[in-house]
Amino acid sequence: MHGADRGGGDTVGDIFSIVPIEVWADKRLTLEQLRVLGSLLSFCGPDRQCFPSRDEISKRSGVHITNVSSATTALEHLGWLTKVGKGGFSKANRYTIHVPETLAYSATVAQQATVAQRATVADQATVADQARGMRVAESATVAQQATVADSATSTVAQQARGKEQTSEQTRVVDVVPVSSRTADAPRGEKHPPTKGTRLPADWQLPRAWGEWALAEVPRWSGDQVRKVGETFGDYWRAKVGKDAVKADWLATWRNWVRREAERNNAAIPRSPAPSTPDPFRGCI
């Protein structure tokens with residue numbers, strides 16, 4: 001990446017981004033998310049890490065600064081990056097770029113070593129769904145678009161009130177409990193309660209969640225874990241009302257696995273005890 005600087009201090013003349021081919025194959029990404037991801041890649045070095053400010057990302061991508069946080073949060077939920085830091089107009093997060101990898105794709109790679117070198121995001125989804133005999137949805141649903149739009153609207157409203165709270169404070173994964181945040185905060189400072197979210201419409205079982213389930217229930221196979229994941233996703237996407245909103249989906253998944261393991265264990269038929277010969281047989 002000639003002419004690039006991880007902090008954004010560079011000249012525009014010779015800047016370009018090396019973009020993984022999987023980016024173009026991921027049909028879940030919106031145009032705004034593509035522009036932000038391409039901008040972050042232009043800041044990254046060989047280790048795919050960078051720490052530009054939101055203002056620098058906005059100038060390089062052409063995306064309005066109020067939409068940068070919602071775009072990076074959406075990219076994080078889709079598995080394209082992780083970010084560390086609280087962010088803000090005058091602060092910078094540390095971004096690490098990844099290529100998403102699902103549990104189903106990991107199982108396929110174990111059987112076909114060459115797939116790992118050529119597979120794109122679209123290929124990963126196709127291989128996973130062929131194993132289940134299903135088709136992949138080719139575009140994001142209206143529910144996903146509404147979630148991203150709501151995140152952007154919420155960010156603009158907070159900025160109008162003079163706050164620099166960003167949407168990563170309300171992420172589904174690794175949410176800091178309200179009690180611990182209140183204990184660390186200075187006296188008299190108020191914090192908004194943790195907000196819950198619905199399970200995203202395009203949710204797929206993350207690899208780390210599947211590995212946890214295999215460790216929690218050793219008698220399960222990889223196929224069983226994927227089936228439990230599909231049931232989990234179908235149930236919560238179809239659920240309506242306030243019970244469908246959760247503050248920590250990882251904890252919800254863990255409880256779901258434990259209950260499913262207990263239910264399956266209770267359903268295992270017990271072998272009847274061998275009958276004991278009647279010691280008085282033949283007697284009057």
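Close-up 1. R28 is partly exposed, with a relative accessible area of 22%; here, partly exposed covers the range between buried (under 20% relative accessible area) and exposed (over 50%), using a 1.4 Å probe and protein chains only. This is a predicted model, in which local features need pLDDT of at least 70 and side-chain atom pairs count only at pLDDT 80 or more, while totals for chains, interfaces and linings use all residues. Residues are numbered from 1 along each chain as its sequence is written, and side-chain values use heavy atoms, leaving out hydrogens and water. R28 forms a salt bridge (a side-chain nitrogen of Lys or Arg within 4 Å of a carboxyl oxygen of Asp or Glu) with D26, and their closest N and O atoms are 2.9 Å apart. D26 itself is buried, at 5% relative accessible area.

**Close-up 2. R207 and E211 in helix α10.** Look for these two in residues 207-216, where they sit four residues apart, about one turn of the helix; helices are DSSP runs (H or I, at least four residues), numbered from the N terminus. E211 is partly exposed at 41% relative accessible area, and R207 is partly exposed at 33%.

**Close-up 3. E260 and R263 in helix α12.** Within this helix (residues 249-267), the two are three residues apart, or about one helical turn. E260 is buried, with a relative accessible area of 17%.

By the salt-bridge rule, the count comes to seven.
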